[in-house]
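Please read it beside the sequence and the coordinates.

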Amino acid sequence: MRTILRFAVAAMLLSTPPAMAAPPGTDQLIGTFVGLAADEIHQGGPLEQRDIVMELKPYRETGLQLEWHNVTLVNGRRDVPGVKFRHDEVLLAPAPGRSFFLAQVGYDPFAEKRSLDPLAGDPLRWGVASGDSLSLYSFAIHDDGTYELQVTGRRPDGDGVALEFDRIVDGQVTRRMTGHAVRAQ
């Protein structure tokens, strides 16, 4: 019995995947961060303020997994009607032979396999690590033929991470938000 137990433990240790390493330059961005972001530029309507929780961790050997939660506040509060919640996640893997990351589809054994179709409104997503910063891009073509590009930037800043977001529709910046998040304990 002990021989079987030793064999099982040895098999588990040998089958453990190698330790994940963050892509070069992104070490300071790895972790869980909490913070706030607010509008700088917007098209009509009230200014928005958002609570943000962001987690960045290694994905496979050389990629990144980015997950974030946004709570759009109402008059600076999150405990009143009208608050909006949004969650998103992107898996970034190095593009073969290139110096950027491509968004990957997470594994779902029950989902029908299909390719992204940008002309049907599926967004193209990619990321670029430059120095110690990470930028994420999302490009979509709308039904009416207009396009939208969303750019989010994260870079180390003092005690945390500086956050930047731009929404560009047909070449016009329609929303710009900036913020700051600190590492959660």
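Arg77 is partly exposed, with a relative accessible area of 42%, where buried means under 20% relative accessible area, exposed over 50%, and partly exposed in between (1.4 Å probe, protein chains only). The structure is a predicted model, in which local features need pLDDT of at least 70 and side-chain atom pairs count only at pLDDT 80 or more, while totals for chains, interfaces and linings use all residues. Residues are numbered from 1 along each chain as its sequence is written, and side-chain values use heavy atoms, with hydrogens and water left out.

**Confidence**
- The chain has an average pLDDT of 82, and 77% of the residues score at least 70; pLDDT is the predictor's confidence in each residue, from 0 to 100.
- Residues 1–19 have a pLDDT below 50, and beyond near neighbours in sequence this stretch has one contact in the model, a contact being heavy atoms within 4.5 Å.

**Salt bridges**
- Eleven salt bridges are found in a search of the whole structure, each defined as a side-chain nitrogen of Lys or Arg within 4 Å of a carboxyl oxygen of Asp or Glu.
- Arg77 pairs with Asp79 in a salt bridge, at 2.9 Å from N to O, and Asp79 is exposed, with a relative accessible area of 57%.
- Asp88 forms a salt bridge with Arg86, with 3.2 Å between the closest N and O atoms; Asp88 counts as buried at 14% relative accessibility, whereas Arg86 counts as partly exposed at 42%.
- Asp88 also meets Arg125 in a salt bridge of 2.8 Å, N to O.
- This pair links distant parts of the chain, since Arg125 lies in strand E6 (residues 124–130) and Asp88 in strand E4 (residues 84–94), 37 residues apart; helices (H or I, at least four residues) and strands (E, at least two) are DSSP runs, numbered from the N terminus.
- Arg125 counts as partly exposed, at 21% relative accessibility.

**Nonpolar core**
- The largest nonpolar core has 17 residues, of which Met54 and Leu66 touch the most other members; such a core is a set of buried Ala, Val, Leu, Ile, Met, Phe, Trp, Tyr and Cys residues joined through side-chain atoms within 4.5 Å.
- At least two residues of this core come from each of strand E1 (31–42), strand E2 (49–59), strand E3 (63–72), E4, strand E7 (133–141) and strand E9 (160–169).

**Ala37**
- Ala37 is found in strand E1 and counts as buried, at 8% relative accessibility.
- The C-alpha atoms of Ala37 and Glu164 are separated by 8.3 Å, although these residues are 127 residues apart along the chain.
- Not counting residues up to four places away in sequence, Ala37 touches residues including Glu48, Arg50, Ile52 and Met177.

**Surface patch**
- Val34, Val53 and Val182 form a nonpolar patch on the surface, with about 180 Å² of accessible area together.
- Val182 belongs to strand E10 (residues 172–183) and counts as partly exposed, at 32% relative accessibility.

Definitions and conventions. Patch = residues over 30% accessible without salt bridge, like charges linked within 9 Å, V, L, I, M, F, W, Y side chains within 5 Å. Areas by Shrake-Rupley, 256 points an atom, 1.4 Å probe, with all protein chains shown as cover.
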